[in-house]
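Hi there,

Here is the structure I promised to pass on. Have a look at it first, and my notes on what turned up follow below.

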Amino acid sequence: MRARVTYIVLAAVLVVYFGLVGSRGVILIEQGTAVTVAFGLAVLVLPLLGLWFLWHTTRFARRANRLARELDAEGGLPVDELVRTPSGRIDRDSADAVFVRRQAETEAAPDDWRCWFRLAVAYHDARDTPRARKAMQRAIALHDGRSVPAG
């Protein structure tokens with residue numbers, strides 16, 4: 001719950017920031033000279049890109065959380081069996097061992113979104129965020145019945 005509140009607060013701050021930046025872009029455009037109009041348009045691109053990124057990130061997080069709730073209701077969430085260091089960090093060898101099991105599970109059932117979800121968690125625990133995100137995207141696509149490109 002704390003992470004959700006933090007995300008909402010940061011997203012709201014970003015939206016306010018995008019609004020302020022966008023207003024500066026409009027002010028530059030209203031000046032009417034070729035240079036200020038060009039700068040104003042360039043400045044307007046930044047909040048638009050930021051809003052697009054924020055929208056896609058929020059949509060991804062909501063979909064992943066929906067899958068987590070469904071998997072939890074089924075009793076299929078991965079159990080935290082990882083060894084941790086005294087500081088609380090996940091032991092790399094432990095994460096790698098769990099990853100190998102999750103990868104084999106996913107290879108045995110490549111069309112099961114549950115396996116891809118658990119593989120995404122294993123990638124995340126192994127500190128491989130790009131692959132964790134791709135695995136979660138695949139889990140979401142399989143869950144929603146969308147076609148998933150090979151790879």
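Let me start with Asp96, which is partly exposed at a relative accessible area of 30% (buried is under 20%, exposed over 50% and partly exposed in between, with a 1.4 Å probe and protein chains only). Before going on, please note that this is a predicted model, where local features need pLDDT of at least 70, side-chain atom pairs count only at pLDDT 80 or more, and totals for chains, interfaces and linings use all residues. Residues are numbered from 1 along each chain as its sequence is written, and side-chain values use heavy atoms, with hydrogens and water left out.

Salt bridges

Asp96 pairs with Arg92 in a salt bridge, with 3.7 Å between the closest N and O atoms (the rule asks for a side-chain nitrogen of Lys or Arg within 4 Å of a carboxyl oxygen of Asp or Glu). Both residues sit in helix α3 (residues 92-108), 4 residues apart, or about one turn of the helix; helices here are DSSP runs of H or I with at least four residues, strands are runs of E with at least two, and both are numbered from the N terminus. Arg92 is partly exposed too, at 43% relative accessibility.

Helix α3 also holds Arg102 and Glu105, 3 residues apart and so separated by about one helical turn. Their side chains form a salt bridge at 3.3 Å, N to O. Arg102 is buried at 12%, whereas Glu105 is partly exposed at 24%.

Asp112 and Arg114 form a salt bridge at 3.3 Å, N to O. Asp112 has 23% relative accessibility and Arg114 has 26%, so each counts as partly exposed. Glu74 joins these two residues in a network of salt bridges. The count by this rule comes to 8 salt bridges.

The largest pocket

The largest pocket holds about 850 Å³ of space. On a 1 Å grid over the protein atoms alone, a pocket is an open set of points where a 1.4 Å probe fits, with protein on both sides within 12 Å along at least five of seven lines, and lining residues have an atom within 4 Å of a point. Its lining has 25 residues, and Phe60, Ala61, Arg62, Ala64 and Asn65 lie nearest the centre. Two or more lining residues come from each of α1 (2-31), α2 (34-74), α4 (113-125) and α5 (129-144), with α2 giving the largest share, 12 residues.

Happy modelling!

Terms used:
Points joined across faces, edges and corners; volume = space filled by probe spheres on them.
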